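This report walks through one protein model for a reader who wishes to follow how selected parts are placed and packed. The sequence and the structure come next, and the text then takes them up piece by piece.

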Amino acid sequence: MAKSNCFSFTASRSWFLKYSFSNSGLKSSTTDLGNGTIIHCWIPKTHKEKKPSLVLIHGIGANGMWQWSEFIKPLSSRFNLYIPDLLFFGESYTSRPERTESFQAECVMRTMEGYGVKKMDVVGLSYGGFVGYSMAVQFPEVVEKLVLVCCGVCFEEKDMENGMFQVKSVDEAVSILLPQSPEKLKELVKLSFYKPIKNLPSCFLNDFIDPTLIIWGEYDQIFPLELAHRLKRHLSENAELVIIKDAGHAINMEKPKELFKQLKSFLLDSRPHTKHNSNGNSHKLD
């Protein structure tokens, strides 16, 4: 009986999100890239040339619809929104053997080309940031602005050995980020939130990129804050680092208003983004 109730919850939630996306001017679409590769994406019902195009890339653990739902309504009035499902998430899949973020980036870009999008801003959350970073590196003439949210693209294997992470191996990290049991799901939530949800139901790099905004949770336990500072040093003056106070890895769910504020400021400001101080132009938000 409990299993049936859980299915009912997720099915109802998915129905609500689909209705919300549609009501915000988006529609579901699939693109056949050939060779057994299909990409699902939420796209504008009507692409408006006067609006900039914005691609929102989700992280591991869910599809684009679930992870970006809080931002669709305010962003859709300002951008032509494109929210793809990465391969092996949602309705996107491939029979090809490639599994790298570079291949994911190529597939997203080919999908955007199919929709006629020639210039875009990209926001990548967690694993989606790896894909967004790869898009900017591979297609710098297309990606105009890049936002990396809690994305450990400067992660090195020795960081695991040196005790930077709470997990002890890549295999353990994967088992948490792709939970196959209620216990692993609860563990993922505990690591993702600075103040974890209580009583969670069991059912439930020298590359040149200009400009880039890095957003990080102060207490991120999946990709610790040191990786944010490392990435900022790596990109140097091309990037600004914003640290969200009292937030963990799941900024999109834990601090959606603060995240939207930063996205709006960075993506819509036509002037060069202002540095907030002289020590590496990073700052912390309450």
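In helix α4, the buried residues are Phe-103, Gln-104, Ala-105, Cys-107, Val-108, Met-109, Thr-111 and Met-112, and this, like everything that follows, is read from a predicted model. The length of α4 agrees with expectation, because its 14 residues, at 1.5 Å a residue, should span 20 Å, and its end C-alpha atoms are 20 Å apart. Just after α4, Gly-116 takes a positive phi of about 80 degrees.

Helix α5, which covers residues 127-138, can be checked in the same manner: its 12 residues should span 16 Å at 1.5 Å a residue, and its end C-alpha atoms lie 17 Å apart, which agrees. Of those 12 residues, 10 are buried, so α5 is largely enclosed by the rest of the structure. The buried residues are Tyr-127, Gly-128, Gly-129, Phe-130, Val-131, Gly-132, Tyr-133, Ser-134, Met-135 and Ala-136, and they pack against β3 (53-57), α4 (101-114), β6 (120-125), β7 (143-149) and α9 (225-235).

The crossing of α4 and α5 is right-handed. On the α4 side the contact is made by Glu-101, Ser-102, Gln-104, Ala-105, Glu-106, Val-108 and Met-109, while α5 contributes Tyr-127, Phe-130, Val-131, Ser-134, Met-135 and Gln-138. Sorted by class, the contact of α4 with α5 has 7 nonpolar, 4 polar and 2 charged residues.

Within helix α5, Phe-130 deserves a separate look. Phe-130 has a relative accessible area of 19%, and since buried means under 20%, Phe-130 counts as buried. Leaving aside residues up to four places away in sequence, Phe-130 touches Glu-101, Cys-151, Gly-152, Val-153 and Phe-223. Val-153 is 23 residues from Phe-130 along the chain, yet their C-alpha atoms are separated by 5.9 Å.

Two residues raise a question of backbone geometry. Most residues other than glycine have a negative phi. Phe-88, although it is not a glycine, has a positive phi of about 75 degrees, and Cys-150, likewise not a glycine, has a positive phi of about 50 degrees. Phe-88 sits in the loop between β4 (80-84) and β5 (93-94), whereas the place of Cys-150 is in the loop between β7 and α6 (157-161). Are these two residues buried or exposed, or partly exposed? Phe-88 is partly exposed, with a relative accessible area of 41%, while Cys-150 is buried, with a relative accessible area of 0%.

Thr-212 lies in strand β8, which runs over residues 212-217, and Thr-212 is buried, with a relative accessible area of 2%. Not counting residues up to four places away in sequence, the residues that Thr-212 touches are Leu-146, Leu-148, Leu-235, Asn-238, Ala-239, Glu-240 and Phe-266.

| Residue | Relative accessible area | State |
|---|---|---|
| Phe-88 | 41% | partly exposed |
| Phe-130 | 19% | buried |
| Cys-150 | 0% | buried |
| Thr-212 | 2% | buried |

Conventions:
Residues numbered from 1 in each chain as written. Predicted model: local features only at pLDDT ≥ 70, side-chain atom pairs only at ≥ 80, totals over all residues. Heavy atoms only, no water. Helix = DSSP H or I, 4+ residues; strand = E, 2+ residues; numbered from the N terminus. Buried < 20%, exposed > 50% of the residue type's maximum accessible area, 1.4 Å probe, protein only. Contact = heavy atoms within 4.5 Å. Expected span 1.5 Å × (residues − 1). Left-handed = near helix turned anticlockwise from the far one by under 90°. Nonpolar A, V, L, I, M, F, W, Y, C, P; charged D, E, K, R; others polar.
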